[in-house]
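This briefing covers strand pairing and surface pockets, by topic.

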Amino acid sequence: MDKKRVAVFRKEHFNAAHRLHNPEWSDEENQRVFGKCNNPHYHGHNYELFVQVTGEVDPVTGFVMDMKLLSDLIKARVTDKFDHKNLNLDTEEFKNLNPSAEHIAIVIYDSLRSQLDSSLDLKIRLYETERNFVEYPV
């Protein structure tokens, strides 16, 4: 029997504040490029995170991946680190990295990828707002 590849998904949620800002630019340039996202007092989002893991179904368990393990991994590597935090001020990942949705998705991917078996594919979809979201990798 052919091995079947299946994608499994875990949805999580976290709230975080951030400010988009390039310290090498003038205040005027930052305001022009980032607009209200450059608020010096920061602003927040209710992020929706979708983690997609794709792989072959294990013939013994029937799983691509144990979803409890995936949930625990996301909690330890993402939500415990970012939920109710100011990404610019409270996290090592964004001390020197502008916390755009694109960068947040890449950071989450890199953190989870290192913890998954190499036979599994990983994709991150991150909603910053109801209408704005990013995916990585593409």
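Strands are DSSP runs of E with at least two residues, numbered from the N terminus, and two strands pair if DSSP finds at least two bridges between them. The model is predicted: local features need pLDDT of at least 70 and side-chain atom pairs count only at pLDDT 80 or more, whereas totals for chains, interfaces and linings use all residues. Residues are numbered from 1 along each chain as its sequence is written, and side-chain values use heavy atoms, without hydrogens and water.

**Strand pairing**

- Strands β1 (residues 5-18) and β2 (residues 43-56) run antiparallel and are joined by 14 bridges.
- Within this pairing, Glu12 has Leu49 of β2 as its bridge partner.
- Strand β3 (residues 85-86) runs parallel to β1, with two bridges between them.
- Asn86 in β3 stands opposite Ala17.

**Pockets**

- A pocket is an open set of points on a 1 Å grid over the protein atoms alone, where a 1.4 Å probe fits, with protein on both sides within 12 Å along at least five of seven lines; lining residues have an atom within 4 Å of a point.
- Residues lining the largest pocket include Arg19, His21, Tyr42, Phe94 and Lys95.
- Six nonpolar, four polar and two charged residues make up this lining.
- For the second largest pocket, the volume is about 170 Å³.
- Among the residues that line the second largest pocket are His18, Cys37, His45, Glu102 and Glu128.
- This second lining comprises four nonpolar, five polar and two charged residues.

Conventions
Helices (H or I, at least four residues) and strands (E, at least two) are DSSP runs, numbered from the N terminus. Ala, Val, Leu, Ile, Met, Phe, Trp, Tyr, Cys and Pro count as nonpolar, Asp, Glu, Lys and Arg as charged, and the others, Gly among them, as polar. Grid points are joined across faces, edges and corners, and a volume is the space filled by probe spheres set on the points.
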